[in-house]
Amino acid sequence: MNSKDEYYLKITLAVGEKSTCKRRKMGAIIVVNDAIVSTGYNGPARGSINCDEVECLKNLKNAPQYSAYDLCPAVHAEENAVVNAARNGTKVFGGTLYVVGRRPSGEIAPSHPCERCARIIINAGIKRVVTMDEEGKVLEIPVEELVRKDKEKYLEKLKAENGRKTD
């Protein structure tokens with residue numbers, strides 16, 4: 001990784017500060033040709049309710065981190081970055097998506113795109129995903145890895161379903 005990745009990740013952390021999430025304030029930016037073309041943070045759909053206005057259902061249910069997405073009204077930071085680009089007619093094809101955030105304690109909250117976000121990243125034509133680990137080390141997630149994992153997860157689900165039908 002290079003110092004540009006560190007530079008963009010610092011900006012991504014600042015974007016995440018706008019998040020209303022009580023668990024993790026995640027930010028995402030998309031860079032194309034060394035220019036930031038879009039930003040996003042995790043938060044509810046426009047005009048919907050914010051968790052900071054009411055209680056967090058995931059907290060009430062003690063749901064583990066990085067799970068129970070169906071209990072959360074948030075649009076993920078990665079999704080918002082792609083959607084914001086689309087709303088403004090901005091190209092993200094061939095770009096790099098940076099995503100990282102902070103926990104309420106201030107610790108770094110690394111991100112690996114969920115299945116939903118991975119599919120959006122793949123179909124948007126984003127070529128690189130960059131985050132950092134808890135110690136601040138820059139990590140790159142190749143989009144090819146997202147494609148491979150998506151295929152594997154689907155085939156595992158299909159195999160499990162087919163196994164149930166033969167029992």
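Which backbone nitrogen does the side chain of Ser38 reach? In this predicted model, in which local features need pLDDT of at least 70, side-chain atom pairs count only at pLDDT 80 or more, and totals for chains, interfaces and linings use all residues, the side chain of Ser38 reaches the backbone nitrogen of Ala85 at 3.3 Å. Residues are numbered from 1 along each chain as its sequence is written, and side-chain values use heavy atoms, with hydrogens and water left out.

Ser38 belongs to strand S2, residues 35-41, where strands (E, at least two residues) and helices (H or I, at least four) are DSSP runs numbered from the N terminus. With a relative accessible area of 5%, Ser38 is buried, a term that stands for under 20% relative accessible area with a 1.4 Å probe and protein chains only. When its neighbours within four places in sequence are left aside, Ser38 is in contact (heavy atoms within 4.5 Å) with Ala28, Ile29, Ile30, Ala81, Asn84 and Ala85.

Burial was also examined in helix H4, residues 115-124, whose buried residues are Cys117, Ala118, Ile121 and Ala124. Seen down the axis of H4, these residues fall within an arc of 135 degrees, so they line one face of the helix; the arc is that of the directions from the helix axis to the C-beta atoms. Gly125, which follows H4, has a positive phi near 80 degrees.

A search of the whole structure finds 2 cavities of 30 Å³ or more, a cavity being a set of points on a 1 Å grid over the protein atoms alone where a 1.4 Å probe fits but cannot get out, with lining residues having an atom within 4 Å of a point. The largest cavity has a volume of about 290 Å³, a volume being the space filled by probe spheres set on the grid points, which are joined across faces, edges and corners. Its lining consists of 23 residues, of which Arg24, Met26, Asn42, Tyr69 and His76 lie nearest the centre. The second largest cavity holds about 60 Å³ of space, and its lining residues include Asn42, Cys51 and Cys72.

The largest pocket, an open set of points with protein on both sides within 12 Å along at least five of seven lines, has a volume of about 210 Å³. Strand S3 (43-44) and helix H3 (77-87) each supply at least two residues of its lining, and the largest share, 3 residues, comes from H3.

Note on methods. Buried < 20%, exposed > 50% of the residue type's maximum accessible area, 1.4 Å probe, protein only. Polar contact = N/O pair within 3.5 Å; in protein donor to acceptor, adjacent residues only side chain to side chain.
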